[in-house]
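Here is a short briefing for a first look. Keep the sequence and the 3D view open as you read.

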There are 2 protein chains.
Amino acid sequence: MRPSQAIKFVFMVGIVSCLITICFWSTCATRPLEVVSEDRAEYDSQGNFILTKYHKRGTNSINGEGVESMQVIHPDEYHELECNINSETTIKCRREGNEIYMPFSFIKNYFEVFGEVQETDGYERFEFHHSNSIVHPPRPTYTPGSVFMAFDYYNVENRDRVKCVTASEGVPITTQWNKDGYHYPIQVAQYGLSHHAKHIVNGDPDQIVLEDGEEDNLSDWVMPDKKSQVKTDRDADKKTRVVEFLTSDSLHTKGITIVAADKNNKCIIMDVKFVTNGSVTVVVELTSGETMNIHYVFTNNYISFDGKSNIYYGMSERRTHWMRLARDLKFDLMKGLLLKVRLDKIKESYGLTRVKEIKFHGHGWLDNLTLSYSVHVEQFYDAANWLVQHQDQRGGWPIMVQRRVVTGILELSPGWYSAMGQGQAMSVLVRAYLDSKDDKYLQVAINALNLFEVDSSQGGVRAKFLGQFDWYEEYPTTPSSFVLNGFIYSLLGLYDLKETASGAGKERAERLYNSGMKSLKAMIGMYDSGCGTFYDLRHITVGIEPNRARWDYHTTHINQLLQLMIIDDDEIFKTTVQRWLGYLKGKKSRHN
Amino acid sequence: MRPSQAIKFVFMVGIVSCLITICFWSTCATRPLEVVSEDRAEYDSQGNFILTKYHKRGTNSINGEGVESMQVIHPDEYHELECNINSETTIKCRREGNEIYMPFSFIKNYFEVFGEVQETDGYERFEFHHSNSIVHPPRPTYTPGSVFMAFDYYNVENRDRVKCVTASEGVPITTQWNKDGYHYPIQVAQYGLSHHAKHIVNGDPDQIVLEDGEEDNLSDWVMPDKKSQVKTDRDADKKTRVVEFLTSDSLHTKGITIVAADKNNKCIIMDVKFVTNGSVTVVVELTSGETMNIHYVFTNNYISFDGKSNIYYGMSERRTHWMRLARDLKFDLMKGLLLKVRLDKIKESYGLTRVKEIKFHGHGWLDNLTLSYSVHVEQFYDAANWLVQHQDQRGGWPIMVQRRVVTGILELSPGWYSAMGQGQAMSVLVRAYLDSKDDKYLQVAINALNLFEVDSSQGGVRAKFLGQFDWYEEYPTTPSSFVLNGFIYSLLGLYDLKETASGAGKERAERLYNSGMKSLKAMIGMYDSGCGTFYDLRHITVGIEPNRARWDYHTTHINQLLQLMIIDDDEIFKTTVQRWLGYLKGKKSRHN
């Protein structure tokens, strides 16, 4: 209520109360009755004169439009009341007649719910939500080549724990369980799947080719000094015309430069090869108007920022071969800044507004220098190629950090494998195979099956619930942890592979998939808490408190079942997902 | 707030508002300021004149003692705000500054919690409770002959579904799943255990012997007519002196009468034998001052009420043997009245205030006619004897009703056995044996083991979780239902028996107990919902929604674990019960 309303209100109450008072003071005998009827003063059951609620309607206080209906309650009916919570603590509530009002600041924490006042069309409303996550149903059909679940909504590289996407291999490194950063195969695979999905959903991006070496005219290039050179040439490996460059030094100051100055396309793609030390620098403009240099250099240091205007990405120390560098400069900028600047400050002042120019230093060749709206296909293949490159002898992607699922009880030493990592990798590799027809991807996916046939205790990823139900462990601890979402991701990987491979590979994938689906159908009920889901079965396997899934994991469970429903019409998935959707809105299973 | 307060309050607000109003009306310039300071009216940040909170303190409205502190909030500071619940429904909340207040009428139903305004020492407080049941911890030590759990708090015969305690066998009949009434062995056993416990806790009752035949003086007896006779005699069977009676008819009008007129003792005990048709009538006085005749007659009709002043209990049609009739007349009266009168009316006007007189009709003998404060020992043995009498060839107490645990999915046909019934019976029988030293009770308890060794599918009570963990089923459905509380009761029965029996009986009981305890420790986690417990595992065995245990069953689970902790110090019971106790107060297990 704004002050002007408040005054009116005090004024109105004043009139009524005054007249009533006068009546009680016996200075008037007839007048109050007229006012009474207007303002709903009444006699109570004992014949006493009391003032009751009345309604005030006025124009909306925010934008002058609409009519706000607001019931003002007389203070006689509304007062503070102490409330004793479970005979343990006390809070202040309000009483109004027979109704008790409890403060949301209490309710929010006590019941783990959400709420905020929002204004729509000039009305203020309080929006109460039981949960804080959103279900993105998958597309209505599913094949191994199509969008994975609703991964087009995933933004892996945006996550806090992603240190950066490396310039050496184009995949994210995480700081989740080791602040130095390491490659987490699940994250790499999800990065690949999300960009695969985004590409399908968004289609080919807008692109501007800045240089492809096909024309002799190189006048777009600005030379830093007379010693620097640039010329077109035919490349024997690529079998196409490329641009050769040579600068007077390999530092970042005197590069040959091409102006980009494009506002829409904030990604860059290029093929580049160096024979000396050298670098590529992309100069970008920020919201604040400042410029920032993003340097891609030959070092093993993933990322650094000088705190001023230079961010460095390491392309490793290898060179002399053609590399494809495909970078989303928005994230390269953000991750660099994050090393020294708070996120809210970045969002406020340091967004990327445009790519200004690109510079090359050292001696090398470049081709297909392109500004692009997105680089999803390149990012997807970077993930797939990383998986091909880093699969080990056992067909796995070992995770080189200590993982403490439950400290002292469920722990994994560095070098463990994850069924989720194996399965999500399969989903990436199958998609790369289906798109490229390159058998290597399919073969690597088949190799990834091996660890599904090895028990957790033997360094594999297979658990058996009570010795009977095969379960592919996201965290192959001993005792088993039976994480639900990781298992389902592994099943989706097996599904993708069994639908794509043939012969022995297909048979193995199919057997593992069928066995896992049998377990899932038998055990899914164990994850139902009656008002949400459990993340894992630690309360059964080690007898400690249940690990309730927070709402975004509960939503992941739902999204996964929605995906499974498309490939398996078992009734259990339908009834379960229906119930789990209800939990998001505060519904509970019945009690006896 | 009571009307007198309300008037005072309106009056006070009236004065202030009136003066403020007058000020706004510019009819006075100086007077309001004096009032303002007294009543905490203030200028707001825009310099507008507003009335703010003030405190009212007055003497307590109930007993004139104590001081009530109540903060009254000015209407300017709060208003109604629409609240949208999960984008589905809308309720009315209150807003005060940045705080939102939600109505408890909503909270109560939405979150399934409890609350009521209570007045203590003149203060009104709102008592919020997460759950509505109370934990009665068991006694700190346990032996098979001691109080069973906290069953001294149980009042089996008080339950709505108990039609009455029969006069023929002295055990309750239930109408739970068949309105005609039937014997439910679990209920009979719990009736026995509760009275066993009450006797231990309360000790021997006060008693007044009205007649034991030991004295020749029978002048206390009032004769209805000249044909009726009463005399003492020695009874060959009982080897003691008894009273023989003969009345002119066997109707209930002309009995020989003895006056009781005792206010404290509302139970009656007697040994009685008839050779003709006959009856015993107890005349009791009600709160209303009316009298009621409770007739014990030879009929198979358990109970009836003529709607006026006669309640009839059937002692079956058998006679000519000595019977011990031990009746709690409070319940006999109540159950009779309940056939035609609502419970609240009974509580209001038809409580039993005193036993007035006892009448005998027909030809028979009586002995040990006693008024007693309680008849727990007799009630306990009535249950034990019923179990001895009704055990069948398989060692079980078949339940002759259809039981639909989940209609169409988990059903049992009449004639099923319950592991809980078997186990609770053992607990009764072992106590009867330990008290009486009569081997028949122990033998019947050992016979009751048989069905624990027979699978549910074969008409027994044993299930196996995933073929591995023995579980004794309260409801031996196929698929299994794995009801937790019934299983633990069966384990306590096995414990009582293994601790009491010797030889083969002990070995069998011990093996079954150990096997069951192993299952319980392995599976207890499956019943933990993270904020309560599950009643059974239907969500796992048949994949339907979890059956959350209502708070009184959750409390039963806690009480059972508290009992088990005394006989088995496994850590799992300690940590689990601690967590489950927390759930009663709204605590939840952590989410990830």
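**Glu211 of chain A**

Glu211(A) is found in strand 12 (residues 207–211) of chain A. The model shown is predicted. Glu211(A) has 8% relative accessibility, so it counts as buried.

- The side chain of Glu211(A) reaches the backbone nitrogen of Gly213(A) at 2.8 Å.
- Beyond its neighbours within four places in sequence, Glu211(A) is in contact with residues including Trp221(A), Val243(A) and Asp367(A).
- Asp439(A) is 228 residues from Glu211(A) in sequence, and their C-alpha atoms are 32 Å apart.

**Chain A overall**

- Chain A has 14 helices and 26 strands.
- Of its 592 residues, 57% count as buried.
- Take the contacts in chain A between residues at least 6 apart in sequence: 62% of them join residues at least 24 apart.
- Chain A exposes about 24800 Å², and carbon and sulfur atoms supply 47% of that area.

**Nonpolar cores**

- The largest nonpolar core holds 190 residues. Phe465(A), Leu497(A), Leu520(A), Phe465(B), Leu497(B) and Leu520(B) touch the most other members.
- Another core, of 46 residues, lies apart from it; Leu218(B), Val284(B), Ile294(B) and Met334(B) are among its residues.
- Phe465(A) is in contact with residues of both chains, including Phe482(A), Met523(A), Phe465(B) and Met526(B).

**A helix in chain B**

- Helix 13 (residues 551–567) of chain B has 17 residues. From first C-alpha to last it reaches 25 Å, close to the 24 Å expected.
- In this helix 13 of the 17 residues are buried, so helix 13 of chain B is largely enclosed by the rest of the structure.

**Salt bridges**

- The count over all chains comes to 73 salt bridges.
- Lys92(A) and Glu80(A) form one of them, at 3.6 Å from N to O. Lys92(A) lies in strand 6 of chain A and Glu80(A) in strand 5, so the pair ties together parts that are 12 residues apart in sequence.
- Glu80(A) is buried at 16% relative accessible area, whereas Lys92(A) is partly exposed at 43%.
- Asp271(A) pairs with Arg324(A), with the closest N and O atoms 3.0 Å apart. This pair links strand 17 and strand 21 of chain A, with the two residues 53 apart.
- Asp271(A) is buried at 6%, while Arg324(A) is partly exposed at 48%.
- Lys585(A) forms a salt bridge with Glu88(B) at 3.6 Å. Lys585(A) belongs to chain A and Glu88(B) to chain B, so the pair joins two chains.
- Salt bridges with shared partners join Glu80(A), Lys92(A), Arg94(A) and Glu96(B) into one network.

Methods
Residues numbered from 1 in each chain as written. Chains lettered and ligands numbered in written order. Predicted model: local features only at pLDDT ≥ 70, side-chain atom pairs only at ≥ 80, totals over all residues. Heavy atoms only, no water. Helix = DSSP H or I, 4+ residues; strand = E, 2+ residues; numbered from the N terminus. Expected span 1.5 Å × (residues − 1). Buried < 20%, exposed > 50% of the residue type's maximum accessible area, 1.4 Å probe, protein only. Contact = heavy atoms within 4.5 Å. Polar contact = N/O pair within 3.5 Å; in protein donor to acceptor, adjacent residues only side chain to side chain. Core = buried A, V, L, I, M, F, W, Y, C linked by side-chain atoms within 4.5 Å. Areas by Shrake-Rupley, 256 points an atom, 1.4 Å probe, with all protein chains shown as cover. Salt bridge = Lys/Arg side-chain N within 4 Å of Asp/Glu carboxyl O.
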